[in-house]
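Biologist: I've got the sequence and the model open side by side. Can you walk me through what stands out?

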Amino acid sequence: MDRRRFLFGLGGAVVALPFLEGLRDKKRAHAGPSPDFKFAVFMRQANGVAQAEGTEPDRFWPSALGALTTASLTADSNRAVSELAAYADKLLLVKGVKYNFPGNGCGHSGGGNQCLTAAKVSDTPSGNKSLAMGESIDNLIARKLNPKAVDGSQEEPLTLYAGRMSGYINEVLSYRAAKTLRAAERNPYNAYKRLFGLPDPDAVAAARKATERKSVNDLVRAELDRLRKNTGLSKADHDRLDLHFTSIRDLEVKLDLQLPATRVKEMELMSPKVADPINIEEITRMQCDIIALAMSGGLTHAATLQIGDGNDSTEYVIGGVKQPRFHQITHRIYSDGATGDPIPDAFEKHHQIDRIHARMFKYLLDKLSAYKLPTGTLLDQGVAVWTNDLATGPGHRYDNLPFVIAGGAGGYLKQGQYVDATEAKKLVTNNRILNTLGAAVGVKNAAGGPLDDFGDPSLTKGQIPVMLKA
Amino acid sequence: MTASARQGNVPELLVDSTRFPRLSHAQWENTVKDLLGLSAPSGLSAAFTTDPPGATFANNGELLRVTPGLWADYEKAAVTLAAPFSTDAAARARIVPAGLTGDDAAKAKAFVTAFGKRAYRRPLTAEEVTTYVKFFLDAKATTGEADGFAAGVRMTVQAMLQSPGFVYRVELGEAQPDGTVRLTAWELASKLSYALWATMPDDKLFAAAEDGSILTPAGLEREARRLLEDARAVGAVDEFHHKLLQLEHIETISKDTAVFPAWKATIPAAMQEETRLFVRDVVFTRNAGLSTLLTSNETFVNADLAAVYGVSGTFGAKHQKVALDPTQRAGFLTQGSFLAANSGPRETDPIHRGVFTNLNVICADLPPPPMNVPPLPKESAGTKTMRERVQTHTGPGTCGAGCHGTMINPIGFAFESFDASGKWRTTDNGLPVDTKATYEFKDGAHTYDGPVALAKVLAARPQVHGCYAQKWLEYTYGRFPAAGDGGLVDRVARQSLGGGSVKDVIVTLVLAPSFSRRPAGGS
């Protein structure tokens, strides 16, 4: 069956309409791409962006706060975010957010520690080995929102990676708890196999099986629907039949979740080459394909995609020319330290690498937008976030972090806006933006209100009001 | 709940339960075998997603659900089981009525009607027949197979094996003039069949549903007694006692051969088999009841067990019926499957022997043990018996006195004349064993000395017969016992205490109003 029609059907228009109508109001036993399914994807770039610092001008943000349009972003063509002009009406750009805590001997590590945790940086270990002292927001979202199986097991947040792992600082993003970093999968083929299995090599037989399955399931669904209409059923019996119905749908969704066989083959061929930095952009796109597919099936409510290692030293290709290591470009010298020969046009190169990341983020938005639902696209139901574990390159600063958000989480967040989170001329701490994003996808605080207490307990609680749709 | 009948002091009430008890995995396996005419169980259920724990028996409909994992299992099994019907004419012949004539639609209708009645365990409604006949006739196009009839049979089997009518024992019932809801004849036939056989009804039981005779007490009793004489009832009685007596425990035990030089790896299986044969003998050959299960000194031993029990004579690998010393052995609580399973590798475990008996034989209300209980103090050679060590650790004056001192220890100590392998003994750690104790039953305190005396005390207690009746209710009704069952449990307990056989207990339970009715108004 055509994938888009199928999703549309799950939304309530094709299959067993009355039954799905009945389910819609309830807390679902199992997630799916339904109008109430929300998700968050965090894509993280390293090394800061080419924004104003010292004598360097801003080449990242739009030129003015306020409404974003395709025209306004196109006019800002020397800014990195102009790459996202086509998505202007879906964007929420937030300036004025900082990491609160100092690093512990390594700016990159300390930034990575705080990026999705808003937690302190560990005393020990320290330096490039430092760890976050709390769980990350993707972990919290998955823990709170991913359905629990009968045996108590729960799908993890999808934790993906693109590029080399140098061993100096590898994964930085996803924490199960203080000092407990989650490993990331950098091979798209492995990630795909684990989540979706491999496509049936016999496409004709597979299609036949799918047709047979659907014909049987339609019969079973109709019978369940008749049973459900009996009067006097207890709530437990209603729940029993609901679970049965959901179980049928879950298997259909799962079996239907497939990328084209040619794309899976490309992943297989890429498999031995995932450590080669030359492939970082294509691997990022493959990981984006996987994330979008996973979200379309409601497999998990949170995903992270880390691009490059802790101080990304990928040699990006600009205009067909392989460049010096990104980390050195952000230091503006041929060195990972403080002294070295200057890299010509380093700031411009940094800006161009920001644009590469912007285009990779756009690819993710393209993929999420390709899934059509009755209420809009898959992107509209969630949030995709492009951020960084540093604000700037040369200074390794923790203030005015780049936050590019797309998708309004079903109307929770403003869209088509560039806003300033600053309060009383002070930058706000990043727990506030993580609270806002967590709340946007449905995470509650202990009192049942929108999430407002994530991160280190010493931080000022709350969300960022200027991000919220009035 | 609605009062329906009053017997004795406690009223017998109707109890509500799920309308959709799902087949247990064992019931599914048996049913598939019978429905498809297989020569042996398919074995497919062994790989099914396991059901949640929480009940004594695996057939508790309140707990059984079609989860995503199980639905995938059902689908896979249905595809596998249905596949031969496309390609194998002999397989088709087992489920397709012979001599079908007419056009495709007529043949499809005949098959759907006949097979559907067995799969759903009731006649399909006219609407269902129409739906399935269309589905059958569409199968040629759906499957792309050349033989449309074969494809129709395969797809119909595949669909029916996944249908709610098959995977649940649907019990919608029919409202009665008094407001209560009575199971239909077909629903009652299924409930009886799954209670006594753990599988679908046979043709005779279907006939009793068809002519409505099962709805009369005489008709229901006739069928219940007929089913109990069938070999399929042995499987259900085996399953009931296997779970009740936790016979799987013995499979995983080991004994220290430094302490028990004669212990062999084959003994646990022999002990399990002994109890199974013993129960079958009491229930089916001797047509006796719980008192006999608790007190009979006749059992089944092979060469391995003869050594443990000290039986002289020639024995091989096969079990033979023997009479053991009646001063030492009385019933299943003096058999190795209980004694050796509830012991350590070297020493007896009076605490676990006591807990097991309290929970499964007396149905005493034992709270769960506290957290972080320290182990028994280490043995100092030749100074204390196990009883003395347990007493010091848990008895009067310790924090364990409440449960251990009054409930667990008095039972466990009676079994101290059996060592950890189940062998009779008169000394423990070089000191004489002391097996005298007093237990406060609901009808008062009773004092006994040793396992045989304890077994006789247990066999004379209404509470113990009530416990057994309650467990049988849980198994045959496929639900947890409820407060409203108290009157029925009392009635069955009196019957059992008065010498009623296990079969009589089962028949009384299935004849009770609450087997075939639910209270007015639902839940």
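Modeller: Helix 10 and helix 12 of chain A run roughly parallel to each other; that label covers angles under 35 degrees, with over 145 being roughly antiparallel, 65 to 115 roughly perpendicular and the rest oblique. Keep in mind that this is a predicted model, where local features need pLDDT of at least 70, side-chain atom pairs count only at pLDDT 80 or more, and totals for chains, interfaces and linings use all residues. Residues are numbered from 1 along each chain as its sequence is written, while chains are lettered from A and ligands numbered from 1 in the order in which they are written.

Biologist: At what angle do helix 10 and helix 12 of chain A pack?

Modeller: Helices here are DSSP runs (H or I, at least four residues; strands are E, at least two), numbered from the N terminus. Axes are lines fitted to C-alpha atoms, for helices over the stretch in contact, and angles run from 0 to 180 degrees between N-to-C directions. For residues 280-296 against residues 346-370, the axes sit 9 Å apart and the angle is about 30°.

Biologist: Is Asp345(A) buried, exposed or partly exposed?

Modeller: Asp345(A) lies in the loop between helix 11 (326-331) and helix 12 of chain A, and has a positive phi of about 55° without being a glycine. Buried takes 20 or more other C-beta atoms within 10 Å of the residue's own, exposed takes 12 or fewer, and partly exposed is in between, with C-beta atoms placed from the backbone. Asp345(A) has 14, so the residue is partly exposed.

Biologist: Which peptide bond in chain A is cis?

Modeller: Most peptide bonds are trans. Look in the loop between helix 4 (107-115) and helix 5 (137-145) of chain A, where Pro125(A) sits. Omega is near -5° for the bond from Thr124(A) to Pro125(A).

Biologist: How many residues does chain B put into its contact with chain A?

Modeller: Helix 2 (68-82) and helix 6 (126-143) of chain B are among those that each supply at least two residues. Chain A gives 26 residues, and chain B gives 27.

Terms used:
Two residues are in contact if their C-beta atoms, placed from the backbone, lie within 7 Å.
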